[in-house]
Amino acid sequence: MITNFLTVAQQVAILFILIGVGFVCGKVKIINDSVSKGLSDICLYFTTPAVIIASFFRPFDSKMLFKLLIAFAVSTVFHIITLSVAYIFAHDKNIGSDSVKKFAVIFSNAGFMSLPLQMAILGEDGTFFGSSYVVVFNIIVWTYGLILMGGKGTKITTAKLIFNPGVISITVGIILFIFNLAKYIPAPIETAVNHICNLNTPIPMMIIGYHLSKSKIISAITDSRIWVSIISRLVISPLICIALLYALKFTPLAVNSTIAVSLVIAASAPCAALTTIFSEKHNCDTALSVKLVSVSTLFSIITMPLFVAIAQQIL
């Protein structure tokens, strides 16, 4: 297990070096709010979809499709459970703060933080199965997440539910996979997509680093309001995911280690960057959201390797 921990910790350390570059860029003003927003949009609309689609550049395999559907089902059940965890543990008398705390527990940084780590540790199979988690994330965040942050009067449109980057990219990927179309993609297009994929590690990490550069970490760490949500996100959530996957070992739906570790990586990621974006958009407690995202990101350098190593050991 120590070997597994050190292997994962090395990969997480690489991500945090890139976060450090973003931190420095923020401090010396190379990256500002406008640049960060532009980079976030690049990741949201181009690099993350490219990673998901590229993971489907493979010959059709019915067994892999079945495993993907199981990963999707497990991801759905896990999100429902974490939603319950949020309502049990994350409370605040202030409505805006209460919404932010719950959102931070339910939604992990599955796109920005998990996909690079899944690729580094598990290769293309990791992102193939990890894409199922991203899709469930997108469906729930653009429905329940909007209602949670925006209030019960928030309108959920079909367009937001269907036409978002996560759902579109996995739909394209599944079509390529099921109909075995990847072999017909011209080499220049495939190469270009792979180049875009290569941006999915450095850019998101630098964005996270930039947001850390704007945070007063010491004052954030000493804010007692954040710790129940952070412990729920970094400790309770991955433990629930591991327990769920371990229970499946004794059923016909048992998943292989690649699927298990991929989902645990997503489940153990820090609070989603969307916590701050949605908070700002819907006039919730934005300052609290920044603290939750920045502190959880900082401490995930310890918790992510730990729980991924546990998953590798017992799953």
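Predicted model: local features only at pLDDT ≥ 70, side-chain atom pairs only at ≥ 80, totals over all residues.
Residues are numbered from 1 along each chain as its sequence is written, and side-chain values use heavy atoms, without hydrogens and water.

**Exercise 1.** Find which residues of H13 are buried, and what covers them.

Helices are DSSP runs (H or I, at least four residues), numbered from the N terminus. Buried means under 20% relative accessible area (1.4 Å probe, protein chains only). Step one: list the buried residues, which are Ile259, Ala260, Val261, Ser262, Leu263, Val264, Ile265, Ala266 and Ala267. Step two: nine of the eleven residues of H13 (257–267) are buried, so the rest of the structure largely encloses this helix. Step three: the cover includes helices H3, H5, H6, H12 and H15.

**Exercise 2.** How do H4 and H15 pack?

Step one: the angle is about 20° and the axes are 9 Å apart. Axes are lines fitted to C-alpha atoms over the stretch in contact, and angles run from 0 to 180 degrees between N-to-C directions. Step two: H4 is therefore roughly parallel to H15 (angles under 35 degrees). Step three: Ser97, Val100, Lys101 and Ala104 in H4 meet Leu288, Ser289 and Leu292 in H15.

**Exercise 3.** Is Ser40 buried or exposed?

Step one: Ser40 lies in helix H2 (residues 33–54). Step two: its relative accessible area is 16%, so Ser40 is buried. Step three: beyond neighbours within four places in sequence, Ser40 contacts Phe112 and Ile207 (heavy atoms within 4.5 Å).

Key
Buried < 20%, exposed > 50% of the residue type's maximum accessible area, 1.4 Å probe, protein only. Helix = DSSP H or I, 4+ residues; strand = E, 2+ residues; numbered from the N terminus. Parallel < 35°, antiparallel > 145°, perpendicular 65-115°, else oblique.
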